Amino acid sequence: MEFLEHAPRFLFFTGKGGVGKTSIACATAIRLAESGKRVLLVSTDPASNVGQVFGIAIGNRITAVPAVANLAALEIDPQAAAQLYRERIVGPARDSLPEDEVRGMEEQLSGACTTEIAAFDEFTALLVDSALTAAYEHIIFDTAPTGHTIRLLQLPGAWSGFLEAGKGDASCLGPLAGLDKQREQYREAVAALADPQRTRLVLVARAQQATLREVARTHEELAAIGLRQQYLVINGVLPCSEAAGDPLAAALCEREAAALAAMPEALRALPCDQLPLKAFNLVGLDALRQLLADSPAAAPQVLEQADLLEAPSLASLIDAIAADGHGLVMLMGKGGVGKTTLAAAVAVELARRGLPVHLTTSDPAAHLAETLEGSLDNLTVSRIDPHTATENYRQHVMATKGAKLDAEGRALLAEDLRSPCTEEIAVFQAFSRVIREAGRKFVVMDTAPTGHTLLLLDATGAYHREIARQMEGSSMRFSTPMMQLQDPRQTKVLLVTLAETTPVLEAANLQADLRRAGIQPWAWVINNSVAAARPRSQLLRQRARNELAEIEAVANQHAPRYVVVPLLEQEPIGVQRLLQLAEGAIDG
């Protein structure tokens, strides 16, 4: 494995959701630890599943992995970090300020920006020489999906520049109190990230054209901020020996070969490893040890005809959605489970039926235009782009609030708006504008991967609480975006997952988080099911057998209603193939 040769102290694994970053990061940590190195494995994903992979509770503290000598792990929990950060600022004021002022401080610190600052604070502490990390020879970062990670890795420079310019008084959702003390830590973090002797970035991809295009963009964006020591790992490549006698396996092999042949030029110069698709689920130490080994796959069990799956199809779900005539349909879930494709399939089928539809995404790494490859009557498409939303917000504030200020006041306001926190407010406002349209048409939203979406919902909840506080005692009626999300007559949340252990567990955890926020998921969609595709290849049939227990768990334990979408021979790209996907290949 080239990416493991002469490994530096810091190894970052990043890429599109669902490509296997966590599995490869965990397998790398095990291999280095079992070679005698002292290793700390860190997850920066707000929806981390490292603990699930190892079968232990980790959380926001360094925890030894009992089954692997020399290995410890840490999950940076944004909520726990934010609570500690808030208490560090508010705690000293509790005995000296009136209760209403303390409550106001707590509310001001309740936004997602505070969460981001706090998690970022913990992240940079791991990149500098300190007592916290002195015991470890390697620190391996299992990062959040691409868009979230680019934001995290850009933050040391963004906050350093903001502080260096003396803009430490910004008033935003989550004030910057305490950040000024961290200037030196941020400077050291920037230096560590840019030093190829200390930091290596491992881009993880699948042999899929869209995934490789996104990895190429990630490569260029991170190289632009100084992370130039990059390696490429292409995970889950189906051995072409499986293609004989199975049209599905043959089509998958052909698709993967075409994707690799058309690999973007920017990636061709990178050192590259390929990992074959395994027949087993990558959960537990034995499976993780085999991931980076050259050992053959386990002998497959025979999948009987009776085991082949019959389940409800996506078409039946769209029938129920269409009956309402309008509303918000939000697709949520772990990265890489196919939310963008399924959102596009739902939207084009509703539009084909003559219903007005706005298809949009809040995922920084989504590419709806590439999935649609065409236009359709009754369908409009948009993207909540953080950079565009932030710039539009800045211009609006300067043109309205800034118009009433003198030159000095305008200069101070402009400085305030250059805070990285401004993005949180701008994205939330753009999100709110889009979902308001659902009162008169269908709005189908492809959301960012779980952790990023939960941060957006945090901002939505903070706004709702502030409006409710302001309206307390008033007889006026009011409505907030959170109230719309909580109303099942206005919003249908579809949880998208795969028939695999970790995605199902993560979808169940997301469902619990949503329910705590008063949002009840409407249905689950199990995507890319091998069992539903009725394969003949031995390796694929073994994977199909592994799926059945997960599908049964969704049907009997988790989902109020569910559908299963089969793995298709051809990628569902373009309006016609999306319509075929929506019509369903299974009738339940």
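Student: Which residues of α20 are buried?

Tutor: The buried residues of α20 are Thr502, Pro503, Val504, Glu506, Ala507, Ala508, Leu510, Gln511 and Leu514. Buried means under 20% relative accessible area, exposed means over 50%, and partly exposed lies in between, with a 1.4 Å probe and protein chains only. The model is predicted: local features need pLDDT of at least 70, side-chain atom pairs count only at pLDDT 80 or more, and totals for chains, interfaces and linings use all residues. Residues are numbered from 1 along each chain as its sequence is written, and side-chain values use heavy atoms, leaving out hydrogens and water.

Student: What makes the phi of Asn70 worth a remark?

Tutor: Asn70 is not a glycine, yet its phi is positive, about 75°. Most residues other than glycine have a negative phi. Asn70 sits in the loop between β3 (63-64) and β4 (71-75). Asn528 is also not a glycine and has a positive phi, about 50°; its place is in strand β14, residues 523-529.

Student: Why are Asn70 and Asn528 called partly exposed?

Tutor: The relative accessible area of Asn70 is 37%, which falls between the two cut-offs, so Asn70 is partly exposed. Asn528 has 36% and therefore gets that label too.

Student: Why is Arg543 called buried?

Tutor: Its relative accessible area is 17%, under the 20% limit, so Arg543 counts as buried. Arg543 is in helix α22, residues 538-558. Leaving aside neighbours within four places in sequence, Arg543 has contacts (heavy atoms within 4.5 Å) with Leu277, Lys278, Ala279, Phe280 and Glu500.

Student: What makes β3 and β8 edge strands?

Tutor: The open sheet of eight strands has the order β3-β4-β2-β5-β1-β6-β7-β8, with mixed pairing. β3 and β8 (272-276) each pair on one side only.

Student: How do you know that β1 and β5 pair?

Tutor: Two strands pair if DSSP finds at least two bridges between them. β1 (residues 10-14) and β5 (residues 138-142) have four bridges, in the parallel sense, so they pair. In β5, Phe141 is the bridge partner of Phe12.

Student: How confident is the predictor, and where does pLDDT stay under 50?

Tutor: pLDDT is the predictor's confidence in each residue, from 0 to 100. The mean for the protein is 81, and 80% of its residues reach 70 or more. pLDDT stays under 50 over residues 167-175. Where pLDDT is low, the predicted coordinates should not be read in detail.

Note on methods. Helix = DSSP H or I, 4+ residues; strand = E, 2+ residues; numbered from the N terminus.
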